[in-house]
Amino acid sequence: MNQMQQIETQQRKFKASRDSILSEMKMLKEKRQQSEKTYMPKQRSLQSLEASLHAMESTRESLKAELGTDLLSQLTLEDQRRVDDLNDEIRQLQQDNRQLLNERIKLEGIMTRVETYLNENLRKRLDQVEQELNELRETEGGTVLTATTSELDGINKRVKDTLARSEDLDVLVDKNEVEIKDHLKNMDRWKSVEKEQNDAINHDTKELEKMTNRQGMLLKKKEECMKKIRELGSLPQEAFEKYQTLTLKQLFRKLEQCNTELKKYSHVNKKALDQFVNFSEQKEKLIKRQEELDRGHKSIMELMNVLELRKYEAIQLTFKQVSKNFSEVFQRLVPGGKATLVMKKGDAEGSQSQDESEGGADSEKGSGSQSSVPSVDHFTGVGIRVSFTGKQGEMREMQQLSGGQKSLVALALIFAIQKCDPAPFYLFDEIDQALDAQHRKAVSDMIVTLAGHAQFITTTFRPELLESADKFYGVKFRNKVSHIDVISAEQAKDFVEDDTTHG
């Protein structure tokens with residue numbers, strides 16, 4: 001029984017080793033397929049390198065043929081186009097060189113990884129498999145081991161073939177590198193030729209610029225000479241006939257005599273005519289400029305007059321509206337009373353006068369007859385004249401009124417302005433403090449009338465304003481902090497009555 005168990009144990013070991021050998025064979029097959037896959041891209045890259053090599057050789061031949069021609073001192077348009085084509089070819093060669101170097105680096109990396117894997121993994125594993133196969137030959141299962149051994153030999157042979165192909169590819173890559181270096185040398189040589197041609201072009205360009213500048217200077221001198229000839233004026237016909245037969249020396253002698261005669265008149269201003277012409281032109285320009293400035297000044301003054309008139313009309317209209325509203329509001333607050341707004345004016349000497357609103361328009365019309373445009377500069381302010389009895393003789397200024405009367409007049413002015421230019425809301429702080437009960441009731445009725453178009457917020461300790469209020473808030477002081485609460489009308493009246501009683 002022990003011998004049978006040992007045999008079964010050996011069989012299980014053999015089966016396990018066979019399975020491991022089969023898995024290793026499968027891995028070797030996959031590695032072979034990977035090697036074949038990497039071989040095809042290497043073959044294609046080799047073909048592309050050969051094609052680029054042929055293209056470079058053809059380019060080199062064309063460049064050699066072009067070297068046999070003589071360079072002109074100045075390039076034509078066709079030569080410049082040829083130089084551009086050479087630059088394009090140089091850039092293309094540089095790009096091909098970079099691509100070839102990248103492909104070579106990739107191939108070397110792949111070969112390094114394959115060799116590393118073969119040396120470190122596959123060969124060690126192969127030795128282990130061979131050792132296990134030798135052990136298996138001594139036991140049962142010889143047929144399977146023989147088949148496995150033959151398959152391993154085939155795999156080894158394929159691996160050797162792959163390595164041989166890789167060595168061939170390395171030789172081709174080295175050869176291509178040598179050719180690339182040759183092409184780079186040729187490219188550097190052509191770059192030097194191109195640089196020499198560009199230097200020659202720049203030299204010719206500088207010479208051309210010098211000649212152009214010289215030509216411009218000569219043309220300028222010619223124009224100056226022609227101008228001087230024109231300034232001499234037209235000569236009589238007999239002058240040409242008189243000096244036509246003289247020689248050059250005789251003409252120079254005559255010229256010296258003329259210059260000697262002209263020196264006698266050196267004190268005469270020879271530029272007087274030119275200066276007169278220039279000053280006349282300047283005078284005309286200044287006259288035109290003065291006319292333009294006068295027209296501009298006139299238009300500006302007209303605009304200023306229009307704006308001054310609009311400002312005056314706006315002030316008069318606003319004053320009349322506020323004055324009318326002030327009279328109406330004051331009559332409602334004080335039945336039987338009368339109030340007017342007075343425009344204060346100052347004359348040229350600094351004295352002041354007052355015109356009532358009814359007579360303001362007539363007085364301004366009278367002043368308009370004296371001046372074309374009325375001015376608002378003589379307006380110094382607005383005064384108020386009121387009468388609480390309705391008699392014209394008892395009209396008083398603000399300084400003559402009591403505190404309550406001043407408060408009532410101020411409220412009337414605020415309500416008058418509100419009618420003319422309403423605000424969204426008004427905040428009044430104890431405006432009825434100095435008023436009596438009758439006037440407080442009138443102010444309350446006026447606020448109710450105007451509350452349809454604005455919001456009024458008032459603080460009070462009197463009951464008259466509470467009768468027409470819509471909402472009530474109580475302000476209490478607790479622990480040194482103010483608190484605001486919404487309260488009812490009864491609570492507000494009780495608070496006011498308590499304050500009145502204890503106050």
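Helices here are DSSP runs of H or I with at least four residues, and strands are E runs of at least two, both numbered from the N terminus. With that settled, K441 and D445 sit four residues apart in helix α9, so about one helical turn separates them. This is a predicted model, in which local features need pLDDT of at least 70 and side-chain atom pairs count only at pLDDT 80 or more, while totals for chains, interfaces and linings use all residues. Residues are numbered from 1 along each chain as its sequence is written, and side-chain values use heavy atoms, with hydrogens and water left out.

**Salt bridges**

- The whole structure holds five salt bridges, each a side-chain nitrogen of Lys or Arg within 4 Å of a carboxyl oxygen of Asp or Glu.
- K441 and D445 make one of them, at 2.9 Å from N to O.
- K441 is partly exposed at 34% relative accessibility, and D445 is partly exposed at 33%; the classes are buried under 20% relative accessible area, exposed over 50% and partly exposed in between, using a 1.4 Å probe and protein chains only.
- R91 and D88 pair up at 2.2 Å, N to O, and both belong to helix α2 (residues 77-137), three residues apart.
- As background, an α-helix has 3.6 residues a turn, so residues three or four places apart point the same way.
- R440 meets E464 with their closest N and O atoms 3.0 Å apart. Since R440 is in helix α9 (residues 437-450) and E464 in helix α10 (residues 464-467), the pair ties together parts 24 residues apart in sequence.
- Both R440 and E464 are buried.

**Aromatic contacts**

- Eight aromatic pairs turn up in the whole structure. To pair, rings of Phe, Tyr and Trp (its six-membered ring) need centres within 6.5 Å; planes under 30 degrees apart count as stacked, over 60 as edge-to-face and the rest as tilted.
- F415 and F456 are edge-to-face, because their ring centres are 6.4 Å apart with planes at 70°.
- F415 comes from helix α8 (residues 403-420) and F456 from strand β5 (residues 455-459), so this pair links parts 41 residues apart in sequence.
- F415 is buried at 1% relative accessible area, and F456 is buried at 17%.
- F428 and F456 make a tilted pair, with centres 6.0 Å apart and planes at 40°.
- F428 lies in strand β4 (residues 425-429) and F456 in strand β5, so the pair ties together parts 28 residues apart in sequence.
- F428 is buried too, at 7% relative accessibility.
- Together, F415, Y426, F428 and F456 make up one aromatic cluster.

**Helix α6**

- Helix α6 (residues 272-333) has 62 residues and spans 88 Å from first to last C-alpha, close to the 92 Å expected at 1.5 Å a residue; that expected span is 1.5 Å times one less than the number of residues.
- Its buried residues include E308, Y312, F319, F326 and L333.

**The β6-β7 loop**

- N479 sits in the loop between β6 (472-478) and β7 (481-487), and its phi is positive, near 50°.
- K480 is in the loop between β6 and β7 as well, with a positive phi of about 65° although it is not a glycine.
- Most residues other than glycine have a negative phi.
- N479 is exposed at 75% relative accessibility, and K480 is exposed at 75%.
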